Amino acid sequence: MADTQVNLQDVTKGLSKDTQIPHAEILLNFAEAIVKRDVAMISNTRNIVFETLGNDITVDAAAVASAFHGFVRIADTIGIPYDTAAQGQDVPEIREITGINNFYRIQEAN
Amino acid sequence: MSIKPFENINYDVRQDIVNAHIEAWERLAAPGTWLDSERRLAVATEVRQARSCNFCKKIKEALSPHALEGKHQSTGLLLDTEVELIHRGVSDPGRLSEAWTQKVLAGGLTQGEYVEIVGIIASVMIMDTTTMALGANETKLPKKVFGKPARYLPPGAKVKAAWLPIVEPEDAVETDQPLYPSPKVGYIYRGLSMVPETMRNYWALANTHYISGEFVYQFDKSIRAISRPQMELMAARVSGLHQCAY
């Protein structure tokens with residue numbers, strides 16, 4: 001994973017060509033459809049993931065995207081401090097680069 | 001009635017995920033720590049209702065999430081303050097605030113009830129999102145189970161890092177029953193610790209969908225068919241779309 005090239009802005013802006021993860025585009029299209037809860041879009045993007053990567057990765061991708069529908073709700077309803085992320089290794093510069101500093105919770109805190 | 005998630009779909013779902021859903025629905029239908037079975041199931045029903053609430057849609061689109069006046073389209077099964085927690089927790093979690101949390105609590109919820117409801121919101125969101133993502137119908141809610149809530153309050157729970165009380169690993173006691181796999185667990189893991197049973201139930205479900213804590217910081221290791229970089233890219237994007245800063 002240390003050798004994987006990722007554009008951190010993809011977190012807020014969507015996939016860029018700088019990110020070099022195999023099949024990133026079809027997986028992120030699937031993830032974004034899931035967040036939108038758009039059934040037709042989910043079906044289309046899921047079919048592409050399945051045809052390209054097979055059953056097990058399709059199931060894993062659905063499961064991971066779903067898991068983070070839970071984590072975010074715990075973090076944001078309980079008010080877990082964002083600077084404790086990554087076991088307290090949160091780096092403010094990364095928050096700035098990714099655009100996370102523009103999120104409501106951080107704007108409200110400042 | 002037996003619980004049957006992922007019926008009539010074209011995918012072979014990992015058996016640990018299927019089992020986790022069945023067990024999570026069974027636990028959700030049982031009396032909790034502060035809520036009885038009927039109320040827990042009403043929370044699950046309200047989570048589903050929130051997704052079609054027009055007021056929630058307006059809030060989500062509004063520049064300022066707390067400036068709008070209106071009423072949630074609810075099932076009518078719960079208190080207004082419970083409905084507010086559930087609907088905003090489902091629809092716009094990234095734009096909540098400590099002041100809003102205090103207002104919800106002042107509306108008639110105890111901290112324990114609040115945390116238990118959050119655990120149900122998060123669990124139902126995971127399960128319903130997985131079934132939707134794989135093209136399955138929503139799992140039918142189980143029937144209620146008679147019994148009284150356990151009403152257990154961990155003696156070490158205190159407000160420190162978060163808006164709600166948390167049991168820090170060093171404050172956990174034997175009566176809490178096992179809380180943490182490691183004293184170094186992240187704060188996201190500790191979030192529901194004020195209601196230990198809710199916390200254990202939630203992580204039993206969540207770990208099967210993502211990865212368990214022992215693997216979280218082993219970035220070069222993947223225990224799933226999907227690679228770790230692929231997994232983290234999806235996770236980060238989903239969190240980003242929710243405006244989750246954690």
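**Notebook: rings, charges and helices**

**Entry 1: Arg88(B).** I started with one arginine: leaving aside residues up to four places away in sequence, Arg88(B) touches Ile59(B), Pro65(B), His66(B), Pro93(B), Leu96(B) and Trp100(B). By contact I mean heavy atoms within 4.5 Å. What I have open is a predicted model, where local features need pLDDT of at least 70 and side-chain atom pairs count only at pLDDT 80 or more, while totals for chains, interfaces and linings use all residues. Residues are numbered from 1 along each chain as its sequence is written, chains are lettered from A and ligands numbered from 1 in the order in which they are written, and side-chain values use heavy atoms, with hydrogens and water left out.

Is Arg88(B) buried or exposed? I looked up its relative accessibility, found 7%, and noted it as buried. The cut-offs, with a 1.4 Å probe and protein chains only: buried is under 20% relative accessible area, exposed is over 50%, and partly exposed is in between. Arg88(B) lies in helix H4 of chain B. Helices (H or I, at least four residues) and strands (E, at least two) are DSSP runs numbered from the N terminus.

**Entry 2: H4(B) against H5(B).** Next I looked at how that helix packs. Two packed helices are described by the angle between their axes and the distance between the axes. The axes of H4(B) and H5(B) come within 8 Å and cross at roughly 150 degrees. Here axes are lines fitted to C-alpha atoms, for helices over the stretch in contact, and angles run from 0 to 180 degrees between N-to-C directions. I wrote the crossing of H4(B) and H5(B) down as left-handed; that is, the near helix is turned anticlockwise from the far one by less than a right angle, clockwise being right-handed. Which residues meet there? From H4(B) I listed Thr81(B), Glu84(B), Leu85(B) and Arg88(B), and from H5(B) Trp100(B), Lys103(B) and Val104(B).

**Entry 3: salt bridges.** I searched the whole structure and got 18 salt bridges over all chains. The rule is a side-chain nitrogen of Lys or Arg within 4 Å of a carboxyl oxygen of Asp or Glu.

- Asp92(B) bridges to Lys60(B), with the closest N and O atoms 3.6 Å apart. Asp92(B) is in the loop between helix H4 (80-91) and helix H5 (98-106) of chain B and Lys60(B) is in helix H3 (residues 54-61) of chain B, so this pair ties together parts 32 residues apart in sequence. Asp92(B) is buried at 5%, whereas Lys60(B) is partly exposed at 40%.
- Lys144(B) and Glu38(B) meet at 3.5 Å, N to O. They sit 106 residues apart: Lys144(B) in the loop between helix H6 (111-133) and H7 of chain B, Glu38(B) in helix H2 (residues 37-50) of chain B. Lys144(B) is partly exposed, at 41%.
- Arg228(B) and Glu232(B) pair at 2.9 Å between the closest N and O atoms. Both lie in helix H10 (residues 228-241) of chain B, four residues apart, about one turn of the helix, and both are buried.
- Arg48(B), Arg51(B), Asp128(B) and Glu138(B) are linked in a salt-bridge network.

For Phe71(A) and Tyr210(B), the centres are 5.8 Å apart and the planes at 70 degrees, so I logged the pair as edge-to-face. Phe71(A) lies in helix H4 (residues 55-78) of chain A and Tyr210(B) in the loop between helix H8 (196-209) and helix H9 (213-216) of chain B, so this pair joins two chains. Phe71(A) is buried at 8%, and Tyr210(B) is buried at 7%.

Tyr189(B) and Trp203(B) are stacked, 4.5 Å centre to centre with 10 degrees between the planes. Tyr189(B) is in helix H7 (residues 187-190) of chain B and Trp203(B) in helix H8 of chain B, so the pair ties together parts 14 residues apart in sequence. Both Tyr189(B) and Trp203(B) are buried. Ring pairs link a cluster of Phe68(A), Phe71(A), Tyr180(B), Tyr189(B), Tyr202(B), Trp203(B) and Tyr210(B).

**Entry 4: chain A.** Last, I checked chain A and counted seven helices and zero strands. Of its 110 residues, 54% count as buried.

Methods. Phe/Tyr/Trp six-rings, centres within 6.5 Å; stacked < 30°, edge-to-face > 60°.
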